[in-house]
Amino acid sequence: MTAPQTETTQLNGVNVGALLDAREALEAAPQAADFTFRATSEWIDGVHTRTEMNGFFGLGEEQSRTKTFTSEMDHPEVFAAPDAAPTPVEMVLSGLAGCLTAGVATVAENRGIKLRSVKATLEGEMNLHGILGIDSDVRNGFSAVRVKFDIDADASEDDIAALVAQSQKRSAVFDIMTNPTNVFVTVNK
Amino acid sequence: MRQATVIILGAGQAGLAMSHYLTDMSIDHVLLERGQVANSWRTERWDSLRLLTPNWQSRLPGFGYEGEDPDGFRTMPETIGFLDAYANHIAAPVKPETEVHRVYRRGDGYGVSTNKGDWKCRAIVIATGACNIANVPGLAEALPKHIHSITPLDYSNANALPKGGVLVVGASATGVQLAKEIQLSGRPVTLAVGEHVRVPRSYRGRDIKWWMDKTGVLDMGLAEVDDVNRARNVPSLQLIGSTTHETISLNSLQSIGVDIRGRVMGLRDNRVQFSGSLNNVCSLADLKMNRLLQEIDNWACNAGMEGDLESPYRLRPTQLPAEPALDLDLNTAGIKTILWATGFRPDYSWLDLPVLDRKGRLRHQGGVVDSPGVYVLGLPFLRRRKSSLIDGVGDDARDLSAHLSSYLADARSRAA
């Protein structure tokens, strides 16, 4: 909500004070809490796509950034593609890693725990019989996702486990991946 | 139109405790009760239920336990008997079988319409309880018609359910107790588990409620928690009151064959979808339990009790299937009944005052409702962690009766 600023009192560079202020403000003004995030994409060639992300809606109005972010997705050579970029499912893992790690840092900041390093290794297991249409009993997506954190911090094992648990509890991407979402795909005329 | 200085709505533990303090201060009052004393305990609880607090701890102001079994857990008939005895002991002016239809502002006081005529008063105490309505998620509307859908308020015992599988949704005190009872009746139970609070029945030889009482956890007040809203919405502890003092947990339920799944997140045709967050909600509960046990250990150490106690230990972490199933076909699984143990909320449909927030909750500060002379008792963490317990409502009633008394005195001096 507010541009991140590193204050000397911050342990991990997360402006928790601003987040807590935002929480209070959004509790008092529930409509301002309705956000819409967006991305646009364009096909390049083959199975290669570029996505752009800039504007979103929130705090009751359109929000724009000074910079447009892009990401590209392609498929590896074993899928007979040129491997120009990561696959979309790797981007999904990447989104989960980004969300959980941000959560770990934020919760640690709020709990006064200084982090020295936070590394995550993610695996998404997938049986290709799903997307190739070989077996209708096999789902297209991941059958399981495993995330392993290595965290170095001045805290007990249980306190570090609690950071990771709390991060999952408040994570948007964890929720998106663990719970069903209605997805509406239409074609503009 | 009849009148009383104060009208107390409800003659359960909360209304009776308030009556005790008002009588002490010679403040004229009546209790309007839709049924008999302890009505919810009489009519809205399942047959086998026992209180989750030991007998010695289920006290009301000026009225403790004097029986032979201080560590036992009261049955429903015993609980009703206790409240009846208290009502007699304090000579509570109860008007039974009096259903309140509407409470409204009337001059500088309030009007109360009932099935037995109208009343007016200067002040109102809402003591109608926190569990009048069972929460049922909206997706229940999409259930196939042949599935029997019930709430704990409708449940009396397992044998009244159809033969066949039962999906119990919710793993707090109600959900785990009913999952056990239903599983043991020969109806295979699938239990959907969201966030929950795991505690052992006893720890180092003492009941968990003894520890929570001694260490001051139950007495914690509003000023001692950083998020009151969260504290008011903490799920009930996974506990059961029984003659064996057993601990009930997801581990104990799985050992008798209960199938554990994640939180119910969707329903499509005959398929229930569960959240993939089961592992995390169990981790959260295990970590939270261990923090509580550590606090107990620290307290016992500081209190110099170590010599009288078993050594500290930790419980086995919650064991889960390696790959918990994410959906359930109600037909192929043979599920005949869904029991929604998904919490309760109060009913304020009769309350014609602008005191509810956007989620239908009463706006109040520690029980002082946002309308002059209106008070509420018996809600979770109203003023203290123990506010919704029989043992906790007495302190709240004492505090709020003092507030009420000065409100009446101020109103009198303004009028003079």
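Reader: What covers the buried residues of helix 3 of chain A?

Author: The general idea comes from two definitions: a residue is buried if 20 or more other C-beta atoms lie within 10 Å of its own, exposed if 12 or fewer, and partly exposed in between, with C-beta atoms placed from the backbone. Two residues are in contact if their C-beta atoms, placed in that way, lie within 7 Å. Here the cover includes helix 2 (88-110), strand 7 (144-153) and helix 4 (172-178) of chain A, together with helix 8 (278-302) of chain B. The model is predicted: local features need pLDDT of at least 70 and side-chain atom pairs count only at pLDDT 80 or more, while totals for chains, interfaces and linings use all residues. Residues are numbered from 1 along each chain as its sequence is written, and chains are lettered from A and ligands numbered from 1 in the order in which they are written.

Reader: Which residues of helix 3 of chain A are buried?

Author: They are Ile160(A), Ala162(A), Leu163(A), Val164(A), Ala165(A), Gln166(A), Ser167(A) and Gln168(A). Helices (H or I, at least four residues) and strands (E, at least two) are DSSP runs, numbered from the N terminus.

Reader: How is the span of helix 3 of chain A to be read?

Author: The expected span of a helix is 1.5 Å times one less than its number of residues. Helix 3, residues 157-169 of chain A, has 13 residues and reaches 18 Å from its first C-alpha to its last, close to the expected 18 Å.

Reader: How many residues of chain B are in contact with chain A?

Author: Twelve residues of chain B are in contact with eleven of chain A. On the chain B side, helix 8 gives the most, with five residues. That side divides into three nonpolar, eight polar and one charged; Ala, Val, Leu, Ile, Met, Phe, Trp, Tyr, Cys and Pro count as nonpolar, Asp, Glu, Lys and Arg as charged, and the others, Gly among them, as polar.

Reader: Where do the domains of chain B lie in its sequence?

Author: Domain bounds come from an automatic or database domain assignment. For chain B it gives domain 1 (2-132 + 346-415) and domain 2 (135-340). Their C-alpha centres lie 29 Å apart, and 20 residues of domain 1 of chain B are in contact with 22 of domain 2 of chain B. Strand 4 (residues 50-54) of chain B supplies the largest share of the domain 1 side, five residues.
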